[in-house]
Structure formats: structure tokens, C-alpha cells
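Take a look at the chain below. We will walk through it in short steps, from the overall picture to single residues.

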Amino acid sequence: MPIPPVLVNANSSSPLSFLDLSWNHLNSSVFPWLFKYTNSLVFLNLGVNNLGSIPRAFGNMVALVHLDLSGNNLESIPRAFGKMVALVHLDLSGNNLRGVMPRTLENLHNLQVLDLSYNNISGEVLDLSNFSFLRELRLSHNRLNRSLTKSVGELSMLQVLAVSSNSLEGDVTEAHLSNLSSLNQLDLSFNSLSLKFSSNWVPPFHLDIIRLSSCKLGSAFPQWLQTQKNFSELEMSDVGISDTIPNWFWNLSSNIKLLNLSHNHIKGTIPLHCSGLESLDLHNNNFIGELPKSLINCSSLKLLDLGENRLSGRIPTWIGTSLPQLIVRRLASNLFIGHILLQLCHLTSLQILDLSHNDIRGTIPKCLNNFTVMAQMQSSKVSISHVYPLRLSSHRYAFSTYLDNFLVAFKEKYLEYSKTLGLVKVIDLSSNKLQGEIPKEITSLAGLIGLNLSRNLLIGIIPHNIGDMERLESLDLSKNHLSGIIPPNLVDLSFLSCLILSNNSLSGRIPTGTQLQSFNASAYIGNQDLCGLPLLKRCPGDQAAQGPRTSGIDGEGNNQEHANSHEHLWFYTSIVLGFIVGFWGVCGSLLLKSSWRHAYFQYLERIGDWLYVTIAIGMAKLLRK
């Protein structure tokens with residue numbers, strides 16, 4: 001759809017103060033007619049278009065207060081931007097901006113919002129002392145390095161400090177944060193920063209969002225958190241804590257929605273209080289004891305990951321009835337015992353069930369077909385997100401969106417999902433002591449993409465209708481006691497890219513189809529009575545059919561197999577002779593005749609010089625363009 005003529009054909013005297021053309025397919029041809037409104041435009045939103053560059057004349061739009069150019073293909077910020085001193089809101093996120101932060105931005109003294117996140121900006125953070133009105137500073141997902149400038153401590157009105165996913169290093173001390181009394185969002189995650197605060201430091205702020213993952217906090221649990229009583233999100237994954245969680249922590253915030261303390265060495269039990277909690281990730285720690293009964297009150301919980309700890313005891317019956325919204329449940333690599341209870345089947349919203357690497361016994365419940373979401377071919381949501389309100393000031397609120405990320409054991413490796421986690425539907429019951437047969441009801445889970453029942457004590461056959469699981473990409477039934485044939489309809493699983501049936505008692509021919517023959521023979525080994533490609537063992541029918549071809553007699557009365565062996569001998573002999581003659585014909589002459597050798601290497605050197613010059617000229621032309 002073209003730009004309305006009323007905008008393109010208007011004369012320069014027509015006042016226009018507000019213009020929003022975001023989420024279109026506009027390119028840089030939009031600018032010539034846009035400059036007609038240089039003296040009147042106050043609000044301009046050209047976000048999510050196809051703009052590739054900004055002309056210098058853009059700096060003449062000195063009346064602009066709000067400018068949004070996010071989600072385009074911009075590669076640089078013109079110096080003329082420094083003329084737009086009236087700007088209060090500048091959003092250039094999600095572009096291809098390169099190089100260092102341009103110093104021309106230092107002229108924009110009235111800025112309250114500066115968003116340069118999701119670009120390729122490198123170098124150090126600008127001196128921020130000129131931005132005395134700044135409320136939001138968003139520089140995440142760039143390539144910024146060196147230390148975090150101490151001038152950030154002069155931004156007394158700052159509410160949002162987000163510099164995650166860069167290469168910042170060095171110390172963050174009280175001097176950086178002690179004057180930021182209005183701060184409510186702090187995101188320093190995924191850098192190499194060390195937070196060094198005194199044990200009795202009392203921050204002047206009260207945070208809603210705290211994201212410090214991959215920073216260095218020390219072995220002790222941070223005492224300054226005791227002053228933060230209203231946070232809704234706390235991420236401190238991989239920060240080096242090896243302490244126990246103090247009792248005061250669990251009573252801090254009744255607003256908490258997301259808690260991630262994974263990849264630490266935290267000890268002790270989990271005395272959890274979580275009436276409104278939606279995501280709880282404590283995996284890869286040293287927690288002990290049984291599952292806390294307080295989980296009964298976590299009726300809003302969607303993601304529960306307590307894997308890689310030392311939790312023990314039986315999985316309680318109430319976990320299937322008290323957590324109706326649970327989407328992800330991961331208790332892998334613990335010390336749980338007992339059976340898989342029928343109450344588990346009440347979790348109809350479940351998409352990921354991982355109970356692997358425990359000591360669970362008994363049979364697999366037939367009621368797993370009650371997992372309604374797993375049975376659906378389509379997913380209602382691509383990601384698993386949480387949206388909740390955030391306080392920006394006493395009268396101003398915004399909404400924050402958080403995407404869960406999750407590490408899934410899938411296709412013989414661990415894969416991390418975030419933006420597509422809603423599409424992942426996996427059951428992993430491997431490395432337990434499960435007995436009995438694989439229930440045929442499990443094949444009704446048509447939306448399942450991963451099924452791992454390996455390293456158990458399962459018997460019986462592979463369900464005949466396993467071909468109904470059309471979305472299956474990974475199937476591991478290895479190291480059990482399964483018998484019978486491989487179901488022929490397994491060849492219908494067109495998405496299957498990982499199959500492991502090894503070390504069972506399967507028999508018969510491997511079904512013929514491009515899918516099953518493409519897997520390595522190791523997927524089938526350890527089944528003595530299994531035959532057919534890709535195994536070397538031929539099936540009885542194959543041997544009978546191939547027999548006449550291997551023992552036939554040629555027209556001269558000679559054995560054909562004997563004749564073929566002579567042909568192979570002459571073939572390999574000719575290869576060896578050809579190599580000897582060719583190698584010494586060239587290299588021998590160069591060794592014996594010095595004048596030929598010098599001429600040959602001079603020729604190679606000239607060819608190399610010619611290639612270098614040609615490539616250098618070509619690259620120079622491309623750079624000029």
C-alpha cells in the first residue's frame with residue numbers, strides 16, 4: 001500500500017506534528033517528502049521498516065521530541081543527529097549499527113530514553129554525565145567492552161539500566177549505583193562483571209527486575225537483596241553462590257513471578273513460598289531433601305526445573321492436582337524413588353516431562369494420553385512467555401514480557417530453547433528402572449517431537465501404531481529388553497532424524513525405506529536377530545536371492561568370482577604403477593634439472609601474485625560501493 005497522497009503532495013506550510021508509519025515496508029525513499037515537515041514534526045515513528053540509511057538532512061528536524069527508527073537496517077548514526085537537541089525519546093534498537101557509540105549523541109542533553117540494544121556497537125560506553133534527565137538506558141545485546149563507566153552513577157533519575165549480553169568486564173561498586181534512587185530495573189546479565197558491595201550496603205532503590213546471571217557475586221548469598229521487597233523477577237544464574245539460601249529470602253516478595261538461581265552450588269533444602277510464582281528454575285545446584293509441600297500453593301506455576309540436584313524421596317501425589325497450569329516439569333538427575341503416579345496424568349497442559357536419571361520403578365501409566373497439549377499437532381503458542389505490570393513511577397506503569405528458556409536433552413545432546421520453547425513437546429523417562437511394556441496409548445501423542453525411554457527394563461514389543469506419531473524427530477528405546485519386529489510404519493515418520501534401538505532383543509528385517517536405512521548401523525547394534533541394511537548381517541531371503549550371482553560360471557568355463565578377483569588385482573596394480581610413473585615423471589625431473597625447477601617455482605610465484613592482486617582490487621571495489 002503506497003503512502004497516502006495527502007502526505008506526499010502536501011506543501012511545506014501544512015503543519016504535521018504526529019506521524020506513525022511503523023510496521024510497513026518503507027525504504028529510504030520516504031525521506032525527501034518527509035523533510036517537508038521539518039519544522040512541525042514532534043513525534044515520528046518509522047520502526048520496523050526497510051530503511052537502510054539516514055540522510056544528513058535528517059538532522060534539520062530540530063522540533064522532534066520522539067524518534068523511533070527501531071527494527072530497520074541502519075548501519076550508522078549520522079553526525080547530524082547531534083542537532084536534534086529537543087529529542088527526549090530515541091529508539092534505534094534492532095538495527096545493524098556498527099562501530100563505537102557516536103559522540104554526537106552527547107549533544108542530546110534532554111534525552112530521557114536511549115535505546116541502542118540489539119545492534120553491533122563495540123567499544124566502551126559513552127560518558128553519560130551529560131544525560132542528567134535520562135530515565136531509561138538500554139544497551140543490551142551489543143559488543144560493548146571494557147568497564148561500565150562510573151558516570152552512570154550521576155544519572156539520578158535513571159529507572160532502567162539494561163546492559164546485558166555484552167563483553168563488559170571489571171567491577172561494579174556502590175559508586176555506580178548509590179545515587180540511583182529511582183532505579184527499578186537492573187540488568188547486568190551475561191557480561192564478565194564482578195559486583196563488589198560491602199556486606200552492610202543498603203541500596204537507595206527498590207527494584208522490580210533484577211537480572212545478574214553470569215556476573216560474579218561471590219560465594220555468599222547477597223545480603224543487599226534483603227532490602228528488595230517488591231521484585232517480580234530475580235535471575236542469578238551462574239553467579240558463583242555456594243551458600244545456603246537464608247530464611248529471610250523466602251519471605252521477601254509476594255510479587256515474585258520468576259525465580260532463576262540455576263547453575264550455582266547452593267546447598268540446603270527448598271523452603272519455598274510461592275503463591276504467585278510462574279517460573280521456578282533451581283537446576284544444577286546441591287539442594288537436598290524432598291519436594292517442598294509449599295509447592296501445593298503454586299497454582300500459577302508453568303515452568304518447574306529442579307534437575308541436577310540431590311533431591312530425594314517419592315514424587316508426591318499432589319503434584320498432579322495442585323499445579324494445573326504446569327507446562328514444563330523437569331526433575332531429572334536426582335535421587336527420586338517410587339512409581340510414576342496416575343495423578344501425573346491430570347497435567348493436561350504439560351509439554352515437557354523429564355524424569356530421567358532417577359531411581360523410578362514400576363510401569364509407565366497408560367493414562368499418558370491425557371496430556372492434551374502433547375496430543376495436538378499444532379501449538380497455540382510458539383514461546384512460553386510471562387507478561388506482568390511494572391512500576392515505572394508512582395503514576396506510570398508498563399508491561400514486561402519474559403520468555404522462558406529451557407535446556408532439553410534432545411537428539412543425544414542438550415539444546416537450549418527460548419523463542420520456540422512452546423513448540424517443544426518431549427517425554428524423557430530414560431535411565432530409571434521402569435518395567436513392563438510400552439503402553440500403546442503413548443502413540444496417541446501425535447504432537448510429541450521427542451520420546452526417550454532408553455536404559456530401563458522395558459519388555460514386549462514396540463507399539464505397532466508408533467507411525468501415528470507424525471511429528472516425532474527423536475526416538476530412543478535403546479538398552480531395554482524389547483522384542484519382536486521393528487514396526488513397518490516406522491518408515492512413515494518423515495521428520496525422524498535421531499533413532500536409537502540398540503541393545504534390545506529385536507528380530508526380523510529392518511523395514512525398508514529411505515528414512516531407516518539412512519541411520520548409522522550403531523542405531524541397531526546389539527539385536528542379534530535383526531538383519532538388513534544398514535547392518536552388515538543379511539536376512540535369509542537376501543542370501544538366497546544373491547547366491548546365484550556369487551557362484552555363477554562364465555562362458556569360458558571359469559569361475560566368475562575367480563575372474564573378478566583377477567580384475568580387482570589388475571585394477572589396484574595399475575593405480576600403483578600410474579602413481580609411481582606420474583609422481584617421479586614430474587618430481588624426478590625437477591630434482592635432476594635445476595633450471596626446470598627454478599622456472600617451475602617462479603611460475604607458481606607469479607600465479608600467486610596475480611591471484612593476490614586480483615582479490616585485493618575486487619575487495620576494494622566492493623568496499624567503495
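Predicted model: local features only at pLDDT ≥ 70, side-chain atom pairs only at ≥ 80, totals over all residues.

Residues are numbered from 1 along each chain as its sequence is written, and side-chain values use heavy atoms, with hydrogens and water left out.

Start with the whole chain. It has eight helices and 38 strands. Helices (H or I, at least four residues) and strands (E, at least two) are DSSP runs, numbered from the N terminus. The chain has 625 residues, and 48% of them are buried. Buried means under 20% relative accessible area, exposed means over 50%, and partly exposed lies in between (1.4 Å probe, protein chains only). Now look at contacts, meaning heavy atoms within 4.5 Å. Take the contacts with a separation of 6 or more: 48% of them join residues 24 or more positions apart.

Next come the charges. How many salt bridges does a search of the whole structure find? The search finds 12. A salt bridge is a side-chain nitrogen of Lys or Arg within 4 Å of a carboxyl oxygen of Asp or Glu. One of them pairs Glu 124 with Arg 146, with the closest N and O atoms 3.5 Å apart. This pair links distant parts of the chain, 22 residues apart. Glu 124 sits in the loop between β7 (120-123) and β8 (136-138), and Arg 146 in strand β9 (residues 143-146). Glu 124 counts as partly exposed because its relative accessibility is 40%.

Another salt bridge joins the side chains of Asp 171 and Lys 196, at 3.5 Å from N to O. Asp 171 is in strand β11 (residues 167-173) and Lys 196 is in strand β13 (residues 192-196), so the pair ties together parts 25 residues apart in sequence. Asp 171 has 34% relative accessibility, so this residue counts as partly exposed.

A further salt bridge connects Arg 211 and Glu 235, at 3.6 Å from N to O. Arg 211 belongs to strand β14 (residues 209-211) and Glu 235 to strand β15 (residues 233-235), so this pair ties together parts 24 residues apart in sequence. Are these two residues buried or exposed? Both Arg 211 and Glu 235 are buried. They also belong to a network of salt bridges that links Asp 187, Arg 211, Glu 233 and Glu 235.

Now compare a residue without a partner. Asp 281 lies in strand β18 (residues 279-281). Asp 281 is buried yet has no salt bridge. The nearest side chain of opposite charge is Arg 330, 6.5 Å away. Here Lys and Arg count as positive and Asp and Glu as negative; His and the chain ends are not counted. What does Asp 281 contact, leaving aside neighbours within four places in sequence? The contacts are Leu 259, Asn 260, Leu 261, Ser 262 and Asp 305.

The whole structure holds five cavities of 30 Å³ or more. On a 1 Å grid over the protein atoms alone, a cavity is a set of points where a 1.4 Å probe fits but cannot get out; lining residues have an atom within 4 Å of a point. Grid points are joined across faces, edges and corners, and a volume is the space filled by probe spheres set on the points. The largest cavity has about 90 Å³ of space. Its lining includes Phe 231, Trp 250, Ser 253, His 273 and Leu 277. By class, the lining has nine nonpolar, two polar and no charged residues. Ala, Val, Leu, Ile, Met, Phe, Trp, Tyr, Cys and Pro count as nonpolar, Asp, Glu, Lys and Arg as charged, and the others, Gly among them, as polar.

Finally, follow the backbone. The peptide bond from Leu 533 to Pro 534 is cis, with omega near 10°. Pro 534 is in the loop between β38 (529-531) and α6 (540-551). Trp 23 has a positive phi, near 55°, in a residue other than glycine. Trp 23 lies in the loop between β1 (18-20) and α2 (31-34). Its relative accessible area is 68%, so Trp 23 is exposed.

Key. 1 Å grid on protein atoms, 1.4 Å probe; cavity = no way out; pocket = protein on both sides within 12 Å on 5 of 7 lines; lining within 4 Å.
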